[in-house]
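Visitor: Hello! Could you walk me through this model, one question at a time?
Guide: Gladly, let us look together.

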Amino acid sequence: MNILVTTPNGKVGFQVVKNLIANSISVRVAVHRPESAKAFEGLNVELILMDYDNQSSLEKAVQGIDGLYLAFDSTQEANAPKYLIDAAQKAGVKRIVMLSAKGVENSETSLWQVEEHLRASGLESTVLRPTWFFQNFNTGQQYYIKNMNAIIEASADAKTSFIDTRDIAAIASKALLEDGHQGKAYILTGATAHDRAEVATAISQVTGKTITYVAQTDAEFRAQATQEQWDVARIETLSWLYGFVRNGWTADTTNTVQELLGRAPIGLEQYTQDYKDAWL
């Protein structure tokens with residue numbers, strides 16, 4: 001079996017690559033910039049340069065593969081991922097697993113548009129809709145935690161059932177390699193919902209530093225993001241997502257990880273222990 005992994009440098013995608021290699025699967029890694037290939041040095045993968053804005057590169061990427069892990073930036077327009085699905089169908093790809101997000105079914109986002117296009121294609125497909133990632137704290141929030149001893153978000157005191165991206169990747173790998181997941185849309189959460197102050201306390205405990213949570217208003221978030229020269233689309237997307245959090249729509253949990261993996265989801269204590277070096 002040959003599997004193409006898109007957005008392989010992502011929080012989930014890189015772990016999917018490692019999982020597939022561990023299962024002796026032939027992996028084609030679609031990097032979007034030449035410098036991104038450095039992350040895969042020493043790994044037994046086939047590297048290919050794929051540009052979502054170049055249709056011929058999409059067509060080339062799917063030639064000779066059996067399965068596709070499809071992931072793209074949620075701020076990206078839907079046309080290119082849709083074209084990749086069409087190219088995969090023409091190339092005879094048998095199975096697609098798409099990384100989406102919890103709650104997109106209530107939106108007109110590009111993620112939802114691509115989900116609908118994938119379903120209409122008639123291909124064997126599985127959609128993963130995870131909630132917020134634990135790993136956001138060792139990436140997007142890392143600078144603030146490491147240098148300002150703070151988590152800074154416009155989330156009020158609302159709770160979120162954070163999920164570890166390693167669990168998402170494990171389920172993505174199963175859906176690519178096993179039968180029985182076709183036509184499913186899995187909502188993936190952790191077992192427990194936490195507010196950001198609880199996360200700050202957990203990080204404090206493993207680092208020995210005093211980390212606090214600073215709750216921003218939406219206006220304060222927008223002002224800071226603008227000052228830091230964030231892309232407008234990213235600001236709008238995160239503002240929308242933080243609104244979901246503040247409304248309490250990210251606190252519910254599912255048993256899907258337990259059911260699919262036969263174990264409890266990775267929790268806050270394990271996550272912070274595993275990633276403590278990111279905040280030191």
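This is a predicted model: local features need pLDDT of at least 70, side-chain atom pairs count only at pLDDT 80 or more; totals for chains, interfaces and linings use all residues.

Visitor: Is Thr131 buried or exposed?
Guide: A residue counts as buried under 20% relative accessible area. Thr131 has 7%, so the class is buried.

Visitor: Which residues is Thr131 in contact with, leaving aside its neighbours within four places in sequence?
Guide: Contact is taken as heavy atoms within 4.5 Å. With the neighbours within four places left aside, the partners of Thr131 are Lys102, Thr160, Ser161, Phe162, Ile163, Leu188, Thr189 and Thr250.

Visitor: In what order do the 7 strands of the open sheet come?
Guide: The sheet is open and its pairing is parallel. Its edge strands, each pairing on one side only, are strand 3 (46-49) and strand 9 (184-188). From one strand to the next, the twist averages 20 degrees. The order is 3-2-1-4-5-6-9.

Visitor: Which residue of strand 4 is the bridge partner of Leu4?
Guide: Strand 1 (residues 2-6) runs parallel to strand 4 (residues 67-70), and 3 bridges join them. The partner of Leu4 in strand 4 is Leu68.

Visitor: What angle does the direction of helix 3 make with that of strand 4?
Guide: Helix 3 (residues 79-90) packs on the sheet, where it touches strand 1, strand 4 and strand 5 (95-99). Its direction and that of strand 4 make an angle of about 175 degrees.

Visitor: Are helix 3 and helix 4 roughly parallel or roughly antiparallel to each other?
Guide: Helix 3 and helix 4 (residues 110-121) pack with their axes 9 Å apart, at an angle of about 15 degrees. Angles under 35 degrees count as roughly parallel. The two helices are therefore roughly parallel.

Visitor: Which residues of helix 4 make the contact with helix 3?
Guide: Helix 3 brings Pro81, Lys82, Ile85, Asp86 and Gln89 to the contact. By class, the contact has 4 nonpolar, 4 polar and 2 charged residues. On the helix 4 side, the residues are Gln113, Val114, His117, Leu118 and Ser121.

Visitor: How many residues of strand 1 are buried?
Guide: Strand 1 pairs with strand 2 in the parallel sense over 5 bridges. Strand 1 is mostly covered, and the number buried is 4 of its 5 residues.

Visitor: Finally, what does Thr192 count as at 45% relative accessibility?
Guide: Thr192 is found in the loop between strand 9 and strand 10 (194-195). Not counting residues up to four places away in sequence, Thr192 touches Thr160, Ser161, Phe162 and Thr253. Buried means under 20% and exposed over 50%. At 45%, Thr192 therefore counts as partly exposed.

Notes:
Residues are numbered from 1 along each chain as its sequence is written. Side-chain values use heavy atoms; hydrogens and water are left out. Two strands pair if DSSP finds at least two bridges between them. Axes are lines fitted to C-alpha atoms, for helices over the stretch in contact, and angles run from 0 to 180 degrees between N-to-C directions. Angles under 35 degrees count as roughly parallel, over 145 as roughly antiparallel, 65 to 115 as roughly perpendicular and the rest as oblique. Ala, Val, Leu, Ile, Met, Phe, Trp, Tyr, Cys and Pro count as nonpolar, Asp, Glu, Lys and Arg as charged, and the others, Gly among them, as polar. Buried means under 20% relative accessible area, exposed over 50%, partly exposed in between (1.4 Å probe, protein chains only).
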